[in-house]
Amino acid sequence: MRKVLALLCSSHNNYSGGTILNTITVHIDEGALEIIDATESDSQFDGDEIFELHCCFYSHPYCPTITWYKDGVEIKDDHLTIRKIRQGLTLRVFAKLDAGGNYTCTATTPYGEVKSHTIRNVQVITRRWRCAGKLAVVKIPDTNVIKVKKGSRQVLEWNFICAGDIIFSAVICRNGNHDLISSLGSYYKITRMRSQKNNEVSLQHTITISNFSRSENITCTTDDIQGSPSATFVLLEEGQPSVVDQRQKDEKSFFKEKGVWLVAGGCVLLCLVVALLLLWLRRNAIWK
């Protein structure tokens, strides 16, 4: 039995800066497993950005199970640097230096049919800051510690300003555990705006948390190289004391509990000093 099937498959390429939609009409035998569309080999992506690799399979009447491999090793979701979405048809990747390579998507049906496709030579292009003048960062809001209500929305903004020509810019953000902050999961949404104007905001990096649920530190810098400017936000759930508040509380508690003993000890020490002084004066008077 022959069927005519119209499908709409999508793939996103941050390097080209657009979404490609392909409407594909194919003739497929019922029960067959076929690959219809996929990301092209030799694709290039900017480092420290999010890119997607795409495999579009058709299987009737059952949907296939999709497994991804990188250089022959099965890929597991970690929700920080790599994640499968759309039932595995799309692989969303944070473009680290080691993200390049050969990616293979394999589809398997309950009947044991297997079909694979390899996206070869995926390349990650890494570019560094090049600023002809002094580079600075200004954050909004202009505070270090932010107390946030659980479940609320919080927007954090880093504005990098170059006093001179800037050719390219990239921002890396990490939390207090040095884990990479990315928009692979649903917790963070990251947006960027770039400009080539001197002495104005050259790069605006914004992280939006729609449903705040945990306290953490977030630090963003232009590169992982020494001397790059950085800025940190300390996010605290409302009701949780900050480090400074906790330190002051501990100091107050210490003096409250130990203050009496400190005063008593000081009085004893003072009396001892006075007694020794009187004894010394008395001995001098006797010898005279």
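Which cysteine forms a disulfide with C55, and how far apart are their sulfur atoms? The partner is C105, with the two sulfur atoms 1.7 Å apart.

The model is a predicted one. Across the whole structure, a search finds 2 disulfides.

## The C55–C105 disulfide

The link of C55 and C105 is left-handed, with -60° about the S-S bond. C55 belongs to strand β5 (residues 50-59) and C105 to strand β10 (residues 101-108), so the pair ties together parts that are 50 residues apart in sequence. Both C55 and C105 are buried.

## The C173–C220 disulfide

C173 and C220 also form a disulfide, and their sulfur atoms are 1.8 Å apart. Because the torsion about the S-S bond of C173 and C220 is about 110°, this disulfide is right-handed. C173 is located in strand β15 (residues 172-175) and C220 in strand β18 (residues 216-221); the pair therefore ties together parts that are 47 residues apart in sequence. C173 is buried, as is C220.

## Cysteines without a disulfide

C267 takes part in no disulfide, and its nearest cysteine sulfur, that of C271, is 6.6 Å away. For C271, the closest cysteine sulfur is in C267, and the separation of 6.6 Å is too far for a bond, because a disulfide requires sulfur atoms within 2.5 Å.

Solvent accessibility was also computed for these residues. C267 is partly exposed, with a relative accessible area of 44%, whereas C271 counts as exposed at 53% relative accessibility.

How values were computed: Residues are numbered from 1 along each chain as its sequence is written. This is a predicted model: local features need pLDDT of at least 70, side-chain atom pairs count only at pLDDT 80 or more; totals for chains, interfaces and linings use all residues. Side-chain values use heavy atoms; hydrogens and water are left out. Helices (H or I, at least four residues) and strands (E, at least two) are DSSP runs, numbered from the N terminus. Buried means under 20% relative accessible area, exposed over 50%, partly exposed in between (1.4 Å probe, protein chains only).
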